[in-house]
Amino acid sequence: MARIEIDKNSGFCFGVVNAIRKAEEELEKSGRLYCLGDIVHNNSEVTRLQEKGLITIDHDTFARLHDVKVLLRAHGEPPETYRIARENRIEIIDATCPVVLQLQRKIKQSYEQSDPEREQIVIYGKRGHAEVNGLVGQTDGHAVVVEGVEDFDRLDFTKKIKLYSQTTKSVEGLQSVVEEITRRSGGEPPEYHDTICRQVANRIPNIRNFAHQHDLILFVCGRKSSNGKVLYEECRQENPNTHLVSDVSEIDAAWLVGRESIGICGATSTPKWLMEEVARYVSESLDGSR
Ligand code: SF4
């Protein structure tokens, strides 16, 4: 029978562990807690916490609430969210990851010290992503977000560029953005800050090594996870027999046929229990008990 291994380096990063711990502590006390946006980009984990009383809300609902407790997830929020909370007497349980918090402060300080006539703050990240919205909020909405070189017509190359990165982008991606800005600025490199979280970047060599050791990789991850996209792509490059599944229902039994070694791994938003569930499912499918 095939060897099945769960990657010991996959699973929640400390930012997500912290947010879930804070949510569970409050849910144990009161049995009810609002969370602004999905606490983690993983539907299975969100459902588990909803069953304990977590209520996921969007920003419109948040603005209508009064006198309740709301958890802010690891991605962080713009200053506007804290202003609404003060006005509506909402008690914030702030689970913003310390890495994101530090980046927000850096961008805020940089913005306050910048001359908008001569300088522009640029964020390399996914437009509309919660973390990026929180970062743009530190600049009163003035920072320009670029997802890649295809967005470069948004930039003013006559101004000095101060470049920051969303924490979950890849180091190579940031490097290529820096190189292209340098090229278009006539060889003048931007002031750039590598603000990529090493919880993601450091997993890349490990996950590539893990993917290399198996015939088949099941990458368990929610489809909204940014770091999941990065890590999945790394696995796929190392091992083309890599499939992204959000839970056991997406596993195609045909993938398992003839495999000698099956690896199960995931993103910083993938709970261990879900990877274990996948491992159990694969094992039962192979021994015919399912
Ligand atoms: S990936 Fe890094 S920045 Fe994002 S929540 Fe995890 S530890 Fe924090």
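1. Buried residues make up 39% of the 290 residues in the protein chain. A residue is called buried if 20 or more other C-beta atoms lie within 10 Å of its own, exposed if 12 or fewer, and partly exposed in between, with C-beta atoms placed from the backbone. The model is a predicted one: local features need pLDDT of at least 70 and side-chain atom pairs count only at pLDDT 80 or more, while totals for chains, interfaces and linings use all residues. Residues are numbered from 1 along each chain as its sequence is written.

2. The protein chain has 12 helices and 12 strands. These elements are DSSP runs numbered from the N terminus, with helices (H or I) of at least four residues and strands (E) of at least two. The radius of gyration of the protein chain is 21 Å, close to the 19 Å of the globule rule for 290 residues, so the chain is as compact as a globular protein of that length. This radius is taken over C-alpha atoms, and the globule rule is 2.2 Å times the number of residues to the power 0.38. Along the principal axes, the C-alpha atoms fill a box of roughly 70 × 55 × 25 Å.

3. Contacts in the protein chain deserve a separate remark. Among those between residues at least 6 apart in sequence, 71% join residues at least 24 apart. Two residues are in contact if their C-beta atoms, placed from the backbone, lie within 7 Å.

4. The protein chain is divided into domain 1 (3-11 + 200-287), domain 2 (14-97) and domain 3 (99-198). These bounds come from an automatic or database domain assignment. The centres of domain 1 and domain 3, taken over C-alpha atoms, are separated by 32 Å. Between these two domains, 6 residues of domain 1 are in contact with 8 residues of domain 3. On the side of domain 1 that touches domain 3, α8 and α10 (226-238) each supply at least two residues. The largest share of that side, 3 residues, comes from α10. By class, the side has 3 nonpolar, 3 polar and no charged residues. Here Ala, Val, Leu, Ile, Met, Phe, Trp, Tyr, Cys and Pro count as nonpolar, Asp, Glu, Lys and Arg as charged, and the others, Gly among them, as polar.

5. Which residues are closest to the ligand? They are C13, G15, C97, V99 and C197, in a shell of 15 residues that surround the ligand. By class, the shell has 9 nonpolar, 6 polar and no charged residues.

6. Helix α10 may be checked for its length. Its 13 residues should span 18 Å at 1.5 Å a residue, and its end C-alpha atoms are 19 Å apart, which agrees. The expected span is 1.5 Å times one less than the number of residues. The buried residues of α10 are S226, N227, G228, V230, L231, Y232, E234 and C235. Their cover includes α8, α9 (203-212), β10 (216-220), β11 (242-245) and β12 (261-266). K229 is also found in α10, but K229 counts as partly exposed because it has 17 C-beta neighbours inside 10 Å.

7. Is S269 buried or exposed? S269 counts as buried, because it has 25 C-beta neighbours inside 10 Å. S269 is placed in the loop between β12 and α12 (272-287). Not counting residues up to four places away in sequence, S269 touches V16, V40, H41, N42, G222, S225 and G228.

8. H212 belongs to helix α9 and is exposed, with 12 other C-beta atoms within 10 Å. Leaving aside neighbours within four places in sequence, H212 is in contact with E238 and N239. H212 and G263 are 51 residues apart in sequence and 9.5 Å apart in space, C-alpha to C-alpha.

9. Most residues other than glycine have a negative phi. R89, which is not a glycine, has a positive phi of about 50 degrees; R89 is in the loop between α4 (79-87) and β5 (91-94) and is exposed, with 10 other C-beta atoms within 10 Å. D140, not a glycine either, has a positive phi of about 55 degrees. D140 lies in the loop between α6 (130-137) and β7 (144-146) and is exposed, with 12 other C-beta atoms within 10 Å.

Methods. A residue is near a molecule or strand if its C-beta atom, placed from the backbone, lies within 6 Å of it.
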